[in-house]
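Look at the fold as a whole before you look at its parts.

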Amino acid sequence: GVGIIAVAAGFAVQRERQLEQVLAERNKAQAVSEFMRDLFASARPDAGRDGEQITVREVLDKGAADLDRRENLDAGTRTALRLAIADAYGSLRLEHQSLPLLETSLAELQHSDDAVLRAQIMSGIANAHASAGRNAQALDALRQGMSMVEDDDAAFATWASLRRSELSNLSISVQTSPETIIEGFQDLLQRLSSHQALKPSPELGELMAISWSGMAEAYERARRVDDAIDAVRKAMELAERWNAPAPTRLTYAERHALLVLGKDAAEGVRLLKAVDRDQVRLIGPTTGNRAILLNQISVGLERMERPEESLEWSAQAVQVARDALGTDNRIYLQLAVNHAVGLNDVERRQEALAAVEAALPGLRALQAPGRDTVNLAYALSLHARILHETGGSLDTALDELLEANRLMEPLAAEFLVVQNGITRNLVRLRLARGERTLARFHVDAFVSLLDATAVPDDAQWRKNALQFEQLIAER
């Protein structure tokens, strides 16, 4: 009868919809496959200009440029690919490249019901701003993301992740006391514990571990080193309990070793070397993270007053970074400049000059607003300092220091440690040139910066400013 016909018609409609869905997924998979095949075809050794090898960054650049020209991609697939490319840029520490892709994706999803995805994109946007030294914009993005999911209990993990990032970004600011950050992490950990008790999950366990690690940083800033060590141990225990990936567990073990290093250099180096052995065994000998770890061992050996051995580990760190990441990567360039600092400290100045000069072109090519600009400014200041100390051209040294100072103008408040070094080198160079009034000008500018950022009177930066003034008075 009519009922049977209606049921049959309904079944037919359902089958038709299922078929449409299968075809749509097949078409989507085919479109993605074609895009990825074309994208990575450019990575063949014979595809470069004049036979040169194509870098991962160039592949991603091509993919980002080609994405909007593809007519066989539906909006959802296009957004998913755009986010994948943005994530890949972030993995390469090229956050400034990921930012426009993330902002475009957010605009495309503004009417989407997927608040969690939009909040996660805001987290990526915040990370890009933070890497560029725009901490206020990063905090704003994180708070926007939190507001998207704060009323959804099912999205608590996303909210908690954003809150953890907010606290970590607040800890950078000298205006936020360590005690305020510690209280924030205590509240977050209490909430995470309550949710974990009701519905245990590896995701919440990982968030608790990350939050304990953030708490450790806040304790360290408050000079509560023993509390910091206890906090990072809790992070390590949680990572083990929830079977976190090996890189995560090694990160916490390295963090623990570095805190111990601050109290006992020999024990810290011993622990770091143990982490390095695990790194090689579990992950491999040639990774960016291992390069950073080797550099930390170098720092520990320097604290133990074993400079030549420290330089050996530093050189190994540079080599591993070169092999793992290439010479156009931020980590490699940072480690190369750091190695130059070590060479200069043991008065191997010509080697130090050569090391900085080798890194400067890469730093200029990588330069983007934020951290990469700071790295360039630091390298210029170091090169100028070595020129001054070796009797090189004072005019060249001054030009480099003034360029470094200009680069730092919009970023100095976020990177006081670098601005402090540039100011010190400028004062010394001005005095060497007999320019006492200009030396005073640079000190006054530094003091004004400290005043504008409300740096406390007992902070080390204030003491350094007094030392700069003493240098001038002695002349």
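Buried means under 20% relative accessible area, exposed over 50%, and partly exposed in between, with a 1.4 Å probe and protein chains only. By that rule, 45% of the 475 residues of the protein count as buried. This is a predicted model: local features need pLDDT of at least 70, side-chain atom pairs count only at pLDDT 80 or more, and totals for chains, interfaces and linings use all residues. Residues are numbered from 1 along each chain as its sequence is written, and side-chain values use heavy atoms, without hydrogens and water.

The protein has 21 helices and 0 strands. Both are DSSP runs numbered from the N terminus (helices H or I, at least four residues; strands E, at least two).

A nonpolar core is a set of buried Ala, Val, Leu, Ile, Met, Phe, Trp, Tyr and Cys residues joined through side-chain atoms within 4.5 Å. The largest one has 119 residues. Ile125, Leu192, Met215 and Leu363 touch the most other members. A second, separate core has 14 residues, including Val427 and Val443.

| Helix | Residues |
|---|---|
| helix 19 | residues 416-432 |
| helix 20 | residues 436-452 |

Their axes, lines fitted to C-alpha atoms over the stretch in contact, come within 7 Å. They cross at roughly 165 degrees, with angles running from 0 to 180 degrees between N-to-C directions. Helix 19 and helix 20 are therefore roughly antiparallel to each other (angles under 35 degrees count as roughly parallel, over 145 as roughly antiparallel, 65 to 115 as roughly perpendicular and the rest as oblique).
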